[in-house]
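Keep the viewer open as you read.

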Amino acid sequence: MKKEFSTHLKLIKHLKKGDELAYTYLVKTYFKVLCDYAFGLSRDHFVAEDLVQNVLIRFWEKRKKLKSDTSIKSFLYKSVYNEFINLYRKEVSTDKLRKKYFMTIKPLYEEGDIELDRLVVLVKHAIEQLPPRCKEIFLLSKKEGLTYVEIADYLNISQKTVENQMGIAFTIIRKKAREKMHTILFLLFGSNRKLKSVLN
């Protein structure tokens, strides 16, 4: 395509300088073969293209860290493989969480909508009645998804204080929802990182 990209060293040099033509050359050279490789791993054309696009975007963002002895081809193939492994691990984790969710939520739905609504109202009311600082910490954890360390830093308090306040919150809420506390919190705050902290 371009004589200035004809050798490995020249291509790396132009990429490090932020030469968009060099990046275009890189994409045209490797995109299809990387997609074929990613499809072999994922068996899904859309997933394969997403994996490759993510890899190429990050490659451009980190181009200044390239070394002259870097094998671009090997680096890209390895990156696509790592991207696939990360995606696979996330999907496995999501599947496990989804199964845990349905195992937890199913018994409550079997009891009927009236019981479900009643417990949700009770828990919402219990949360609203928490002491101000306790309520703030609880919502930062369960609604915003912050870790105890992040909450401590954000509020400029000790992690021990956060743990104590969360303990108080759970004690109060448990009195209202009893053994179904985790299930109701599932409904209120959804299935993400904060949900994992409720169940584990």
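## Helices 2 and 3

In this predicted model, helix 2 and helix 3 cross at roughly 145°, and their axes come within 8 Å. Axes here are lines fitted to C-alpha atoms, for helices over the stretch in contact, with angles running from 0 to 180 degrees between N-to-C directions. The crossing is right-handed; that word applies if the near helix is turned clockwise from the far one by less than a right angle, and left-handed if anticlockwise.

Contact means heavy atoms within 4.5 Å.

## Helices 1 and 2

Helix 1 packs on helix 2 at an angle of about 125°, with the axes 7 Å apart. That makes helix 1 oblique to helix 2, oblique being what is left once angles under 35 degrees (roughly parallel), over 145 (roughly antiparallel) and 65 to 115 (roughly perpendicular) are taken out. The crossing of this pair is left-handed. On the helix 1 side, Leu11, His14 and Leu15 make the contact; on the helix 2 side, Ala22, Tyr23, Tyr25 and Leu26 do.

Glycine 18 sits in the loop between helix 1 and helix 2. What does glycine 18 touch, leaving aside neighbours within four places in sequence? Trp60 and Arg63. Glycine 18 and tryptophan 60 are 42 residues apart along the chain, with 8.2 Å between their C-alpha atoms.

## Two nonpolar cores

The largest nonpolar core has 24 residues, and Leu15, Leu26, Ile72 and Leu76 touch the most other members. Helix 1 (8–16), helix 2, helix 3 (45–61) and helix 4 (72–110) each give two or more residues to this core. A core of this kind is a set of buried Ala, Val, Leu, Ile, Met, Phe, Trp, Tyr and Cys residues joined through side-chain atoms within 4.5 Å. A second, separate core has 16 residues, among them Cys134, Ala152, Leu155 and Phe170. In soluble globular proteins, nonpolar side chains tend to be buried together.

Not counting residues up to four places away in sequence, leucine 76 touches Leu26, Tyr30, Leu34, Val55, Leu56 and Phe59.

Leucine 21, in helix 2 (residues 20–42), is partly exposed at a relative accessible area of 41%. Buried means under 20% relative accessible area, exposed over 50%, and partly exposed in between, with a 1.4 Å probe and protein chains only. From leucine 21 to phenylalanine 5 is 9.3 Å, C-alpha to C-alpha, across 16 residues in sequence. Valine 33, also found in helix 2, counts as partly exposed too, at 35% relative accessibility. Its C-alpha is 9.4 Å from that of tyrosine 77, 44 residues away along the chain.

Which loop holds arginine 43? The one between helix 2 and helix 3. Arginine 43 has a positive phi of about 60° although it is not a glycine, and it is exposed, with a relative accessible area of 63%. Asparagine 156, in the loop between helix 7 and helix 8 (159–177), likewise has a positive phi of about 60° without being a glycine. Asparagine 156 counts as exposed at 72% relative accessibility.

## Whole chain and confidence

The chain has ten helices and zero strands, where helices (H or I, at least four residues) and strands (E, at least two) are DSSP runs, numbered from the N terminus. Of its 200 residues, 34% count as buried. Among contacts with a separation of 6 or more, 63% join residues 24 or more positions apart.

Average pLDDT, the predictor's confidence in each residue from 0 to 100, is 77 for the chain, and 71% of the residues score at least 70. Where pLDDT is low, the predicted coordinates should not be read in detail.

Residues are numbered from 1 along each chain as its sequence is written, and side-chain values use heavy atoms, with hydrogens and water left out. Local features need pLDDT of at least 70 and side-chain atom pairs count only at pLDDT 80 or more, while totals for chains, interfaces and linings use all residues.
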